[in-house]
Amino acid sequence: MNADIQQLHGSELREAIRYWLLQTDVRQLAALWATADQVRREHVGDAIYLRGIIEISNRCIRRCAYCGINASNHRISRYTMTMDEIVECACTIEKAGCGTVVLQSGEDWTLTPLWIADTIREIKKRTSLAVTLSLGERLPEELRQWRETGADRYLLKIETSDKVLYDRIHPPRGKEAPNRFEILNQLRRLGYETGSGIMIGIPGQTIDILTEDIITLAGLDVDMAGSGPFIAHRHTPLAGYDDAIKPDGQAGNDALTTYKVNALLRILCPQMNLPTTTALSTISARNGRALGLQRGANVIMPNFTPLPYRQCYEIYPRQTGGNNSKEDILHVIKKTVHSIGRYVASNRGDFVQYQLRRHNNPKRGEGVHDYAAV
Ligand code: 5AD
């Protein structure tokens with residue numbers, strides 16, 4: 001089968017994706033990597049964008065079955081960074097050469113809308129960084145307020161498009177809670193650049209479900225998609241998954257499956273910003289990041305959370321750079337980027353077609369996206 005799947009639809013597309021997800025032949029796979037790399041070069045070029053992450057709070061009211069900072073984990077100490085610490089950290093991120101700061105937290109309702117707005121305003125006053133928020137499922141009024149204050153982007157992963165699997169790993173927040181597809185639509189309507197993503201190899205995620213996840217994510221019309229492997233965390237209900245016998249058809253939570261998913265996404269969405277995730281570098285520390293960048297990705301998201309806090313933000317075990325200084329992390333990243341003949345971008349790395357897309361389609365975000373039919 002040809003690695004060119006851009007023209008396919010419906011059952012043909014589904015078949016082609018399944019084919020690649022099941023593929024083990026290295027020569028065949030080399031064709032997939034080459035196509036993804038070529039599409040990446042043609043559509044987004046050789047630049048690599050650095051988005052500096054600050055994990056501003058590890059408090060969380062949710063009990064997601066996979067996540068180490070879920071509310072039921074009483075073994076970690078909880079923190080919220082001060083506004084001064086966050087702003088200072090954002091200045092460090094700008095000095096380090098990143099174009100974007102990502103403010104990430106658990107779903108922490110003690111972070112008030114006003115406080116977040118003040119933090120955004122202060123960062124915008126002190127730096128020229130793009131501000132991305134990754135704060136979970138927040139209310140439409142809050143999302144609007146933050147957008148009006150100057151936030152540029154919002155990340156909310158769908159994790160999977162399969163409603164049954166989604167519900168199994170995400171105990172609900174409340175009856176009236178919106179689903180993530182609705183929130184992504186709201187974000188687009190508010191004019192955010194939107195990011196989403198899936199987890200790869202979630203227990204219960206079959207190859208068929210993963211195929212549907214890729215098709216759904218590619219059809220979401222998002223500007224960025226971050227997809228990394230599921231990593232079992234010992235203080236979660238999914239602890240012990242690594243040693244369990246996997247049922248037939250279960251999608252792997254390994255590096256190869258991760259490369260395949262991201263290569264396919266690059267081919268299906270040529271202009272999308274695609275990060276090589278920290279979760280991938282965690283399971284494949286030696287060359288995961290470089291291979292991710294050579295198989296479709298064009299974004300790296302280095303972690304700038306100050307050390308004592310970073311150790312408490314363990315969504316999964318053994319995050320790369322867990323104990324390294326900012327200087328070490330950046331040095332390693334730049335070395336990797338140069339070793340594969342690419343360069344670190346000096347601009348913010350907005351989605352290439354973002355302005356054009358909004359101009360051509362002012363109703364963007366009003367389309368209906370929802371869970372895949374079951
Ligand atoms: N393994 C891999 N990824 C995880 N995430 C959370 N927990 C895990 C885990 N155990 C990812 C989810 C979430 C993001 C913040 O991190 O995709 O959206």
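At 8% relative accessibility, Arg180 counts as buried (under 20% relative accessible area, with exposed meaning over 50% and partly exposed in between; 1.4 Å probe, protein chains only). The structure is a predicted model, in which local features need pLDDT of at least 70 and side-chain atom pairs count only at pLDDT 80 or more, whereas totals for chains, interfaces and linings use all residues. Residues are numbered from 1 along each chain as its sequence is written, and side-chain values use heavy atoms, with hydrogens and water left out.

The side chain of Arg180 meets that of Glu137 in a salt bridge (2.8 Å, N to O), a term that denotes a side-chain nitrogen of Lys or Arg within 4 Å of a carboxyl oxygen of Asp or Glu. Glu137 lies in the loop between strand E3 (130–134) and helix H5 (140–149) and Arg180 in helix H7 (residues 180–189), so the pair ties together parts that are 43 residues apart in sequence; helices (H or I, at least four residues) and strands (E, at least two) are DSSP runs, numbered from the N terminus. Glu137 is likewise buried, at 3% relative accessibility, and both residues belong to a salt-bridge network that also links Arg62, Glu107, Glu159 and Arg173.

A further salt bridge joins Glu314 and Arg234 (3.5 Å, N to O). Glu314 is partly exposed, with a relative accessible area of 22%, while Arg234 is exposed at 52%.

In helix H13 (residues 326–339), the residues Ile329, Leu330, Ile333, Thr336 and Val337 are buried, whereas the face turned away from the buried side carries the exposed residues Glu327, His331, Lys335, His338 and Ser339.

Key: The expected span of a helix is 1.5 Å times one less than its number of residues.
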